[in-house]
Amino acid sequence: MVLSKKKGFVLVLGIVLMFSLLVTGCGGGGNQSSDQQAQDQAQEQEQSQEESSSDKKVVKVGVGNVGKEFEVTKKAAKMYEEENPNIDIELVSMPESSSERYSLYLQYLEAQSNKLDVYQTDVIWSGDMGEHFIDFKDYMSQSEIDKFFKGSIKNNTVDGELIAIPWFVDAAVMYYRTDLLEKYGFDNPPKTWEEMEKMAKKVQKGERAEGKQDFWGFVWQGEAYEGLTCDALEWVYSNGGGVIVSPDKKVTINNEKAAEAITMAADWIGEISPPGVTGMKEEDARKMWQGGHALFMRNWPYAYPLAKSDDSAVKGKFDIAPLPKGDSGHGAATLGGWQLAVSKYSDNKEAAAEVVKFLTSYKIQKLRAMEAGLTGSRKALYNDEEIINENPYFKTLLSVFRNSTPRPSTPVAPNYNEVSTAFFKSVYSVLNGEKEAGSALRSLEYKLKDITGFESGEPTKTIE
Ligand code: GLC
């Protein structure tokens, strides 16, 4: 998208020479002074081009590449460049795993690098890395800020500074095959984990008997990374085992209900979930389920438009529902989502902030909803008829968002990443059979107390 200076110069020189030939009618040789004139003109042109290209700014944006998000961001960037010819947006694709992205970002930010101007940040990082980002209150009016979900703005406010603008909201849902539930005589998607297991076993057995040997009941995210923290929080909280560390700063994870929930998931492996689930991230699970090889999938909303596209094996054969309930009597959907933040070490803070304002504008969020099914961060999007017509499931999602469960990033800030890493590693050790849940959680409690300096406490029953 950047026109090289050299090419530009050759082009200008060519045009000037051609023009001078036309004007002088001179076919080569001779007229020294007009040749000289042409060269002088070309030099002047080059100079003025250099001056104007030095006004040109490049804004480097680190963005996600899951599902259709990169593609649709590229389209938006192009629109911005057309409206702002003095800005080039360079999109840099970031790793799929949130944990890997975290390490990369921290490496740049701690080195005060200007490699990226804009960072797409996970909802859990505000407390851990907010100090590296500019305050958007200097760039956006309060009335504009009020158009975003209040909870997201609160999440991104650190010591009174708005360190990132919410871009899209995530909350996990259960994807299920409507055709298969009907085929095996089930009227509704599962309301409890127990029901889910029963349905998964029956359908898996039936499908295998019909020759689909690689068919499984349930796929999810079991690799040792941030995604596993999200999945495991859902099992634990829905079962009454709390939210790892409570909002009032107590380490609550070492309890029977949590151990029971993690054991339940470990027991799925090899029974209703493939052994390879412990190597799966979002896209692995989606590809398997979308290929028609599983009944249920736990995933974020981005998978919906991909699953209903023409090349999907499950097109017209699926729906979404809230995740099943555990012993607590309620389900749990981990709250996720991504923001855009501008680095304090950027050489182009003003321009970068303008780009963020554009990318998070209503117009672009609508485009992202229509073309990539991304669930935006502005309230009004959910009353937009065009968007709802294109994505009728947005209505279901809105209620899932409202009841979603945040990870404990606020109480443990700035140590969330450490807390989460200790949690997912501990859960992982149970999934792969290395440890039994009770003993894994006992050591985890010890570790979390050490990281946070908090005492132990009783698991949180309801979260505001
Ligand atoms: C999704 C969520 C994000 C979460 C990640 C885990 O991208 O939006 O919040 O951390 O998944 O894999």
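Here's a quick briefing on the ligand and the residues around it.

This is a predicted model, where local features need pLDDT of at least 70, side-chain atom pairs count only at pLDDT 80 or more, and totals for chains, interfaces and linings use all residues. Residues are numbered from 1 along each chain as its sequence is written, and side-chain values use heavy atoms, with hydrogens and water left out.

**Where the ligand sits**
- The ligand sits in the largest cavity; a cavity here is a set of points, on a 1 Å grid over the protein atoms alone, where a 1.4 Å probe fits but cannot get out, and sitting in it takes more than half of the molecule's atoms within 2 Å of its grid points.
- Domain 1 (57-163 + 336-402) and domain 2 (173-332 + 409-456) both give residues to the shell, so the ligand lies between them; the bounds come from an automatic or database domain assignment.

**Who's around it**
- There are 13 residues around the ligand, and Asp122, Asp170, Glu282, Gly337 and Arg407 come nearest (the cut-off is a heavy atom within 4 Å).
- By type, the shell has four nonpolar, four polar and five charged residues, with Gly counted as polar.

**Polar contacts** (pairs of N or O atoms within 3.5 Å)
- Asp122 has a side-chain N or O atom 2.5 Å from a ligand oxygen.
- For Arg407, a polar side-chain atom lies 2.8 Å from an oxygen of the ligand.
- Trp338 puts a polar side-chain atom 2.9 Å from a ligand oxygen.
- On its own the ligand has 310 Å² of accessible area, and the protein covers 93% of that (Shrake-Rupley method, 1.4 Å probe).

Definitions and conventions:
A polar contact is a pair of N or O atoms within 3.5 Å; within protein, one must be able to donate a hydrogen and the other to accept it, and residues adjacent in sequence count only if both atoms are side-chain atoms. On a 1 Å grid over the protein atoms alone, a cavity is a set of points where a 1.4 Å probe fits but cannot get out, and a pocket is an open set with protein on both sides within 12 Å along at least five of seven lines; lining residues have an atom within 4 Å of a point.
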